[in-house]
Amino acid sequence: MSTPSATPGTSSPAAAAPATAPAAGHAVGHASVPDGAPGGRFGSLGPVGLVLAGGLSVQFGAALAVSLMPRAGALGVVTLRLAVAAVVMLLVCRPRLRGHSRADWGTVVVFGIAMAGMNGLFYQAADRIPLGPAVTLEVLGPLALSVFASRRAVNLVWAGLALAGVFLLGGGGFGTLDPAGAAFALAAGAMWAAYIVFSARTGRRFPQADGLALAMAVGALLFLPLGIVESGAKLIDPTTLVLGAGVALLSSVLPYTLELLALRRLPAPTFAILMSLEPAIAAAAGFLILDQALSATQSAAIALVIAASMGAVRTQVGRRRTKALPELS
């Protein structure tokens, strides 16, 4: 899942701008930093490796979360993940609570709601369908945001590829996937798109990762009653707590740190393209940890959605370069 990775300092937690295709997912938020060319041929290997490691961490954390669901329930797992990640983020960032306007707090609260909804809906999907298809359907949210924001005719091609992938994934009508699971994944994608928008707005209003830490706390508080109702005392079982902390570290804290380091040296468009690989990473994690084998048709569907995501990113990058030419001449 996306992730919190935000991961997305994915300095401020602003995720990739809405016009750039999917920024990862279920991350804790992607930091927004100035684009900068990597330092040389070998210098680019470092940040690319960090981004891929962050993606692996997110998806293998999601696989661990799925294995924890029989013990704590989907809502309980989300509660543990958000709560532990919020505690870590608040301790590390120590955000200032005074001096913010009502609009600032409104933005961070909506960001927290989007983050909680994204995670909660995704885990409901992952409890019903394999990780690979779940992330593939979820990534349609950021992809749609990218296509609509760009408003270029070529994006109809990428949208068509994505729809073809969804058609294949559903076996021509989602007969091979649990309908509720597919619906939850699509809803998680819509929340992911909202997450990207409000991550960027929060990053403009709060310094460093302060807004992200506060939004994480908002999401944790929102989910705490739901987790208690579903799982009750199971949430304080020592084994469940340890595994839940592992999910939080793998899916939020670690990828957040890795992507922050990577974005200091990696151009944002390159980062977005790497994030487009998340469905494939999720499929691998599901296969290796949860024994979720995919059919050839499902694998082809995932490949189509990945191609659509990468194409949307490349189109947006080309558009920005074209606009920049008159300024350079």
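**Entry 1: Leu 121**

I began with Leu 121, which is partly exposed, with a relative accessible area of 22%. The model I am reading is a predicted one. Buried would require under 20%, so I recorded Leu 121 as partly exposed at its 22%. I then located Leu 121 in helix 4.

Next I looked up the contacts of Leu 121, leaving aside residues up to four places away in sequence. Leu 121 touches Phe 184, Ala 187, Ala 188 and Met 191. For one of these, Ala 187, I also checked the C-alpha separation from Leu 121, which is 6.7 Å, although the two residues stand 66 residues apart along the chain.

**Entry 2: the nonpolar core**

I turned to the largest nonpolar core, which has 64 residues. Within this core, I noted Phe 122, Tyr 123, Leu 131, Leu 137 and Tyr 195 as the residues with the most contacts. Helix 4, residues 102-126, gives the most to this core, with 10 residues.

**Entry 3: helix 5 and helix 12**

I asked how the axes of helix 5 and helix 12 cross. Helix 5 spans residues 131-138 and helix 12 spans residues 278-290; their axes come within 7 Å and cross at roughly 160°. An angle over 145 degrees counts as roughly antiparallel, and the two helices are therefore roughly antiparallel to each other. I recorded the crossing of helix 5 past helix 12 as right-handed.

From helix 5, Leu 131, Gly 132, Val 135 and Thr 136 take part in the contact. They meet Glu 278, Pro 279, Ala 282, Ala 283, Gly 286 and Leu 290 of helix 12. By class, I listed 6 nonpolar, 3 polar and 1 charged residues in this contact.

Technical notes:
Residues are numbered from 1 along each chain as its sequence is written. This is a predicted model: local features need pLDDT of at least 70, side-chain atom pairs count only at pLDDT 80 or more; totals for chains, interfaces and linings use all residues. Side-chain values use heavy atoms; hydrogens and water are left out. Axes are lines fitted to C-alpha atoms, for helices over the stretch in contact, and angles run from 0 to 180 degrees between N-to-C directions. Helices (H or I, at least four residues) and strands (E, at least two) are DSSP runs, numbered from the N terminus. Angles under 35 degrees count as roughly parallel, over 145 as roughly antiparallel, 65 to 115 as roughly perpendicular and the rest as oblique. A crossing is left-handed if the near helix is turned anticlockwise from the far one by less than a right angle, and right-handed if clockwise. Contact means heavy atoms within 4.5 Å. Ala, Val, Leu, Ile, Met, Phe, Trp, Tyr, Cys and Pro count as nonpolar, Asp, Glu, Lys and Arg as charged, and the others, Gly among them, as polar. A nonpolar core is a set of buried Ala, Val, Leu, Ile, Met, Phe, Trp, Tyr and Cys residues joined through side-chain atoms within 4.5 Å. Buried means under 20% relative accessible area, exposed over 50%, partly exposed in between (1.4 Å probe, protein chains only).
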